[in-house]
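Here is a short briefing to read alongside your structure viewer. Please keep the sequence open too, and let's walk through it together.

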Amino acid sequence: MENYDIVVIGGGPAGLAAAVSARENGVQRIVILERDKELGGILNQCIHNGFGLHTFKEELTGPEYAGRFIDAVKGLGIEYRLNTMVMDISRGKVVTAMNREDGLFEIQAKAVILAMGCRERPRGALNIPGYRPAGIFSAGTAQRLVNMEGYLPGREVVILGSGDIGLIMARRMTLEGANVKVVAELMPYSGGLKRNIVQCLDDYGIPLRLSHTVVDIKGKERVEGVTLAKVDGKGKPIPGTKEFYPCDTLLLSVGLIPENELSGGMGVELNPVTSGPRVDESLETNIEGVFACGNVLHVHDLVDFVSEEAKAAGKNAAKYVQEKKAAGGDNRKIRLAAGEGVRYTVPETICVKRMDERLTVRFRVGSVYKDCYVSVYFGKDRIIHKKKAVAAPGEMEEVVLTKEQLMEYPTLEAIHVKIEEA
């Protein structure tokens, strides 16, 4: 059996940033295990710009952003193995993986960083009636076909779901000569960033139909058209609102699911809202020495925030390997509770003794709120009351808590994060 200090599962933006951070914090024996044939993850197919504004203070494409971290990994001499599939991780942090060169092998890790990213929700999860003809793609698959493999999936396109990938593919397909007829969204608000609605739909005159969904797909061999209908507050189609759109392609951008089969298999506790691990202030799961970051933890809107989070995970994993946990003393944990309007928080618990001087708490709201406040309560005391012109589910929110604030509340048991109307 091989032995490493830290094994990073996944060589996408989270895994790369975590590995670089761990090395910069003094850990030498690190290996990245990546199932694809190259490092970079999903960024390799995201050839549009808009990445890196927070991390590098300049606008980069996805491959350029990934390239910065790949260069850092290679420059620091961090080991990585490509075309390597991780089969299992035990509670004792034994990683079982396989590839063509090494066959089936095991690695005993002192710490594991989970950075497997996320996958798209498939058509099967949507219960759309109709046949199963050719021409139905997830938006990410279509993006790979166009940007990396040079194929155009179709010419007359309808897109279901207004997540960021769906919005970006509406623009991409238009630029490649396809006619994008409409983007339909089940919810009464878009699931994507405001800038993507403007730059990808408004700038190209592509209509966005909110509170609409696909109720039928026509065609046996190839998609011939889809029927949209308006939905009520419960997501049920409203009679008499059907519209037929002739098309040869349907792209689905209906949500992302963190890849947590390995996590669940090793006994990591998962949050039913995010489908990602429950973590504390160190991004450590309920299994000691197992950390999580990036889209495997919760789906992010900006890769810059993935890198920031992964940097913290790498630093904390390095600290764990070098020091283990400090024994004794005040190891009490404060629970972070998602209050009115807030769907979840990351992290979910805070150990004041172990936290850094500043801790970023990220969360998403459950609906669109205008002229509202993001409020944080320590017990009954309101500590933060931040004005927001708009808070929407498509954009991640954050608040910063300090160790100094928490030290003033030695008996605090819960922190509540909530949205309050102005």
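Which residues lie nearest the centre of the second largest pocket? They are Glu-281, Ala-312, Arg-358, Leu-359 and Thr-360, out of a lining of 20 residues. Please keep in mind that this is a predicted model.

- The pocket's volume is about 370 Å³.
- Two elements, helix 7 (303-323) and strand 23, each give two or more residues to the lining of this pocket.
- Helix 7 supplies the largest share of that lining, with six residues.
- By class, the lining of the second largest pocket holds nine charged, seven nonpolar and four polar residues.

**The cavity**
- When the whole structure is searched, one cavity of 30 Å³ or more turns up.
- The largest cavity holds about 40 Å³ of space.
- One part of the lining of the largest cavity is Asn-271, Thr-274, Pro-277, Arg-278, Val-279 and Leu-297.
- Tyr-344, Thr-345, Val-346, Pro-347 and Glu-348 also line the largest cavity.
- Sorted by class, the residues around the largest cavity are six nonpolar, three polar and two charged.

**Helix 3 against helix 4**
- Two packed helices are described by the angle between their axes and by the distance between the axes.
- For helix 3 (residues 139-147) and helix 4 (residues 164-175), the angle is about 35° and the axes are 9 Å apart.
- Their crossing is left-handed.
- On the helix 3 side, the contact is made by Ala-139, Gly-140, Ala-142, Gln-143, Val-146 and Asn-147.
- Helix 4 brings Ile-165, Gly-166, Ile-168, Met-169, Arg-172 and Met-173 to the contact.
- Seven nonpolar, four polar and one charged residue make up the contact of helix 3 with helix 4.

**Glu-357, a loop residue**
- You will find Glu-357 in the loop between strand 22 (349-351) and strand 23 (358-365).
- Is Glu-357 buried or exposed? Glu-357 has a relative accessible area of 56%, and it counts as exposed because that value is over 50%.
- Leaving aside residues up to four places away in sequence, Glu-357 touches Leu-401, Thr-402 and Lys-403.
- Glu-357 and Ile-47 are 310 residues apart along the chain, and their C-alpha atoms are separated by 37 Å.

Notes. Residues are numbered from 1 along each chain as its sequence is written. This is a predicted model: local features need pLDDT of at least 70, side-chain atom pairs count only at pLDDT 80 or more; totals for chains, interfaces and linings use all residues. Side-chain values use heavy atoms; hydrogens and water are left out. Helices (H or I, at least four residues) and strands (E, at least two) are DSSP runs, numbered from the N terminus. Buried means under 20% relative accessible area, exposed over 50%, partly exposed in between (1.4 Å probe, protein chains only). Contact means heavy atoms within 4.5 Å. On a 1 Å grid over the protein atoms alone, a cavity is a set of points where a 1.4 Å probe fits but cannot get out, and a pocket is an open set with protein on both sides within 12 Å along at least five of seven lines; lining residues have an atom within 4 Å of a point. Grid points are joined across faces, edges and corners, and a volume is the space filled by probe spheres set on the points. Ala, Val, Leu, Ile, Met, Phe, Trp, Tyr, Cys and Pro count as nonpolar, Asp, Glu, Lys and Arg as charged, and the others, Gly among them, as polar. Axes are lines fitted to C-alpha atoms, for helices over the stretch in contact, and angles run from 0 to 180 degrees between N-to-C directions. A crossing is left-handed if the near helix is turned anticlockwise from the far one by less than a right angle, and right-handed if clockwise.
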